[in-house]
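Trainee: I have some labels to check against their cut-offs. Can we go through them one by one?

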Amino acid sequence: MNKLLTGSSLILLIIISLSLTLCSTKRGDSEKINGVNYVSTRSAVGAENMSPVKDLSANYLAAIPYAFTRGNSPDVYFNTDRQWYGETVAGTINIVQEAQKMGLKTMIKPHIWVMGQGWAGEFKLETEEDWVKWEKQFDKYILTYARLADSLDVEIFCMATEFRMVVRERPQYWENLISKIRKVYNGKLTYAANWDNYHEVTFWDKLDYIGIDAYFPLIHEKTPTVEALKKSWLPLKDTLKSLSDRHHKPILFTEYGYQSVDFGAGKHWEIDQNNFSYNSDTQINAYQAMYEVFWNEDWFKGGFLWKWFPNHNRAGGNENKRFTPQNKPAEQIIKKYYSQYQ
């Protein structure tokens with residue numbers, strides 16, 4: 001009888017162990033992604049450009065190869081001699097390899113810039129013929145960088161960024177694209193949904209991470225406190241955890257960040273920097289609140305701050321109101337939390 005109980009207990013322990021392993025596989029491992037979105041440059045980068053990222057205690061860097069299109073046009077242009085070096089295939093190789101030499105892991109995160117419009121979220125075409133042409137050209141762009149990511153042993157590939165209207169109107173296209181990427185790329189795969197339409201994405205189950213560009217408008221106050229910001233985050237946190245639970249996938253903030261300006265934790269797209277004052281406290285408090293709310297959660301994988309310039313000594317600084325935390329007090333807050341969660 002004792003032997004039977006011992007055997008039963010052993011079987012139970014094995015089942016529990018397997019369950020925990022499966023759960024870990026679905027929700028991600030214990031490593032937090034402490035990343036930066038790296039701004040492309042006109043020329044090659046070297047160790048001197050990467051060492052400040054390492055000094056931040058970051059462990060991931062996202063390289064961003066741009067492509068260009070026009071509103072209502074199906075044509076996609078990429079890897080041209082009219083682009084900055086860092087936005088091209090050669091420049092992406094340079095950025096990834098220099099990051100790897102510094103001991104950083106990497107993500108390649110293609111972006112489309114819509115000329116005359118900017119944001120890809122409103123990109124839309126009128127005819128089926130144009131959609132088919134665009135999809136063929138977009139495939140070529142994305143698969144070029146997916147193959148490159150595989151050849152460079154890039155850990156994460158983000159297949160697109162903030163295509164709100166295209167995701168809504170062409171859901172089957174994205175599933176087909178995912179299948180094509182999986183044939184040429186063996187790392188982790190995600191998509192960067194804008195904060196206001198991640199719930200409309202129909203293909204999260206086919207990806208490894210639920211990617212969100214997390215520019216949620218939290219609170220309309222000039223200088224909100226950390227506690228007020230944390231309180232604003234709580235209902236959103238519950239919603240994101242439910243999303244993670246439903247799909248058995250960890251959440252990854254493919255972009256996150258705050259401007260160092262009055263009301264910088266609100267609707268950033270409504271801020272005219274000419275009419276608002278520099279405010280480092282808003283940026284500091286917003287970063288700290290987010291780290292305290294999310295970074296110790298096992299269903300949350302981490303994120304990539306927006307954004308980091310290669311020439312660190314000339315980036316950011318006091319009175320710079322933009323997103324970069326470089327050479328501002330917020331940089332030290334980021335370093336504090338990144339060093340705690342490795």
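**Labels and cut-offs**

Trainee: What does D262 contact, leaving aside neighbours within four places in sequence?
Mentor: D262 is in contact with K222, I271, F276, S277 and N279. Contact means heavy atoms within 4.5 Å. This is a predicted model: local features need pLDDT of at least 70, side-chain atom pairs count only at pLDDT 80 or more, and totals for chains, interfaces and linings use all residues. Residues are numbered from 1 along each chain as its sequence is written, and side-chain values use heavy atoms, without hydrogens and water.

Trainee: Why is D262 said to have no salt bridge?
Mentor: A salt bridge is a side-chain nitrogen of Lys or Arg within 4 Å of a carboxyl oxygen of Asp or Glu. K222, the nearest side chain of opposite charge, is 4.3 Å away. So D262 has no salt bridge, although D262 is buried.

Trainee: Why is W113 called partly exposed?
Mentor: Buried means under 20% relative accessible area, exposed over 50%, partly exposed in between (1.4 Å probe, protein chains only). W113 has 43%, so W113 is partly exposed.

Trainee: Which residues make the nonpolar surface patch?
Mentor: Y77, W113 and M115 make a patch of about 290 Å². Patch residues have over 30% relative accessible area and no salt bridge; like charges are joined within 9 Å, nonpolar side chains (Val, Leu, Ile, Met, Phe, Trp, Tyr) within 5 Å. Areas come from the Shrake-Rupley method.

Trainee: How do you know that β3 and β4 pair?
Mentor: Two strands pair if DSSP finds at least two bridges between them. β3 and β4 have 2, antiparallel, so they pair. F68 stands opposite Y77 in β4.

Key
Areas by Shrake-Rupley, 256 points an atom, 1.4 Å probe, with all protein chains shown as cover. Lys, Arg positive; Asp, Glu negative; His and termini not counted. Helix = DSSP H or I, 4+ residues; strand = E, 2+ residues; numbered from the N terminus.
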